[in-house]
Each structure stands twice: as structure tokens, then as C-alpha cells.
Amino acid sequence: MDDVTTAQSSPTASTGAVAFLKGHGTENDFVIVPDPDNGLDLSASAVARLCDRRAGIGGDGLLHVVRSAAHPEARAMADEAEWFMDYRNADGSIAEMCGNGVRVFARYLQRAGHTGAGDLAVATRGGVKKVHLAKSATPEEDGDITVFMGRATLPGESVTVTVDGRAWPARNVGMGNPHAVVFVDDLDHAGDLRSEPSFTPTAVYPDGVNIEFVVDRGERHVAMRVHERGSGETRSCGTGACAVAVAAARRDGTDPSATGTPVTYTVDLPGGRLVITERPDGGIEMTGPAVIVAEGHLAPALLAHSGTATG
């Protein structure tokens with residue numbers, strides 16, 4: 001893949017080849033497929049091939065960039081947000097939201113000239129997300145991106161997560177997608193995380209769950225590993241970091257809705273660091289980097305089973 005020199009705003013080059021970019025947010029990496037008019041029907045198998053690290057481009061997921069007005073799932077949000085993040089997991093399954101993905105999505109729009117520093121709205125299956133792109137500190141370095149992630153939900157069901165004979169109670173947190181947050185003494189207790197850790201009762205998460213394992217590093221400072229449903233262990237998970245901060249605040253007795261004071265947690269992930277703030281009104285802000293690393297064109301065989309969109 002070539003180093004990025006320009007950001008592409010069209011899904012096709014003059015040859016008809018499909019354009020792509022590659023980006024990451026704290027090493028949670030994504031294949032980016034610009035398709036403003038929703039002209040591609042990306043099948044689950046095609047997405048899985050693109051995300052394959054040996055036979056494809058490689059990524060924890062895929063960001064399909066579509067104008068909201070052109071996508072049947074986003075048309076109702078078009079007045080609020082011009083662009084829709086049609087997010088897919090690495091196995092091709094559809095997901096509601098991806099916090100790191102939103103930052104990378106916003107960085108692509110900036111590189112493509114669709115937005116500049118300042119505020120931006122992005123439509124997702126988890127609702128419209130407000131984004132702020134900070135001005136670059138230097139011409140060589142992109143500024144951080146803050147995503148306003150909405151409010152967490154705290155379903156009351158009790159959940160137990162088990163790995164290699166060890167069992168822990170998990171905090172059930174919703175961030176537009178489901179999370180089970182487990183506080184452990186050592187991150188190695190999470191095991192290899194290639195396959196989903198077992199949890200009970202399974203009925204709590206009928207569509208699967210993201211499972212975070214968390215250790216303390218200091219005051220309002222934690223580290224985590226995560227198994228993302230449909231992707232396995234990833235280097236970072238933005239919604240997971242938000243869920244972890246919310247769970248840590250409740251555990252620590254620093255619930256902003258009760259204290260009236262915002263609370264900020266630093267969350268270290270294998271791929272980098274995110275800063276999560278929960279406000280007294282329940283709104284959650286996530287701040288971190290987003291980088292575009294490459295762009296090119298896809299071999300037609302990778303999309304062999306995709307046709308023309310009908311929606």
C-alpha cells in the first residue's frame with residue numbers, strides 16, 4: 001500500500017477500481033471504503049476478505065463511507081448528519097457503533113475535504129454522534145478528535161464471565177452496543193481472547209457482547225484488554241473504553257449524576273491511550289488520536305460477490 005498523499009472522495013477511479021484507505025485509532029485499525037452514493041453492496045463475505053490480515057487489506061473492521069441520504073438505514077438522520085458510518089465487524093457482521101471507528105471516519109472526511117477542524121455530526125446505527133476535530137498543533141501532526149458518545153445505559157441483569165476456570169461478576173454497560181466489564185487483578189487472567197470468553201446467563205446478550213478486562217493503574221487511571229464480538233481481541237475499543245470508565249466511576253463512587261461533577265478516567269489500551277469524561281448530564285466524551293496510513297485500489301476479486309446496491 002502506498003503512503004497517503006491525497007484522500008479520495010469517490011469509490012471508483014477512472015478505471016472502475018474501488019478505492020480504499022487504511023486508518024487506525026489507538027491501533028484499532030480499519031479498512032475505509034468511500035462510497036458516497038451507496039453504489040456498492042458489501043456482502044459479509046467481501047468484508048471478511050477485506051479485513052483478512054493475510055489475504056486482504058487487514059483490519060478490525062470496515063468503515064463504509066456513505067452519504068446519509070443515500071442509505072436506507074440513515075435517511076432519517078440526513079438532516080442532522082450528511083455522512084453515515086456503515087460499520088462492519090471483521091467477520092462481515094453489522095455493528096451499531098465503534099468509537100475508534102468514528103474518529104477514523106471523521107479523519108477520513110477531513111482528509112477528503114468534506115470537513116475541517118471544528119464540529120461535525122456523523123450518523124451511525126447507534127444514532128447521530130457529535131465529533132470535534134481539534135486544530136493541528138503542527139503541520140506534521142493531526143490534532144486529537146473528541147467524540148460525544150451519548151449516554152451509557154446500565155441494564156440491571158447480573159452477568160458472570162469465566163476464563164480458564166476463573167469467574168468474575170461483570171458490569172453490564174450499554175454504549176449503543178453491549179459491554180460486559182470485568183475488574184481483574186492481572187490482565188493475563190483474560191487469556192488469549194481470540195475466542196469469546198464464556199458468560200452467563202447467555203440470554204442477556206443474545207447477539208453477543210464486547211468483554212473488557214480491567215486493572216487499576218492509579219487514581220482514575222485504568223488499563224484494559226478487550227474481546228470485540230465479531231473481531232476477537234483488538235488493540236483498542238472506543239465504546240469499550242467508555243464502558244470501562246463508566247463502570248469504574250460507579251465502582252469508585254464517583255457517579256457524576258450523583259456528585260454533580262464531571263469525572264475523567266485515563267484508559268490505557270494495548271494500542272494507546274484514550275481519555276474519557278462523563279458529565280453530570282450523563283453525556284460521555286472520548287478523546288484520542290486518529291491516523292490515515294495508506295490508500296490504494298482494491299483487486300476486483302476481493303469484492304467478487306458484491307453487486308450493485310438496491311437500497
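Student: Which residues of helix 1 are buried?

Tutor: Buried means under 20% relative accessible area, exposed over 50%, and partly exposed in between, with a 1.4 Å probe and protein chains only. Helices are DSSP runs of H or I with at least four residues, strands are runs of E with at least two, and both are numbered from the N terminus. In helix 1 (residues 44-51), the buried residues are Ala46, Val47, Leu50 and Cys51. They span an arc of only 130° around the axis, taken from the directions from the helix axis to the C-beta atoms, so they lie on the same side of helix 1. This is a predicted model, in which local features need pLDDT of at least 70, side-chain atom pairs count only at pLDDT 80 or more, and totals for chains, interfaces and linings use all residues. Residues are numbered from 1 along each chain as its sequence is written, and side-chain values use heavy atoms, with hydrogens and water left out.

Student: Which strands do the buried residues of helix 1 pack against?

Tutor: Contact means heavy atoms within 4.5 Å. The partners are strand 3 (28-34), strand 4 (61-67), strand 5 (83-89) and strand 19 (291-298).

Student: Is Val182 buried or exposed?

Tutor: Val182, in strand 11 (residues 178-183), is buried, at a relative accessible area of 0%. Leaving aside residues up to four places away in sequence, Val182 touches Val161, Trp168, Pro169, Ala170, Glu212, Phe213 and Val214. Asn172 is ten residues from Val182 in sequence, with 9.3 Å between their C-alpha atoms.
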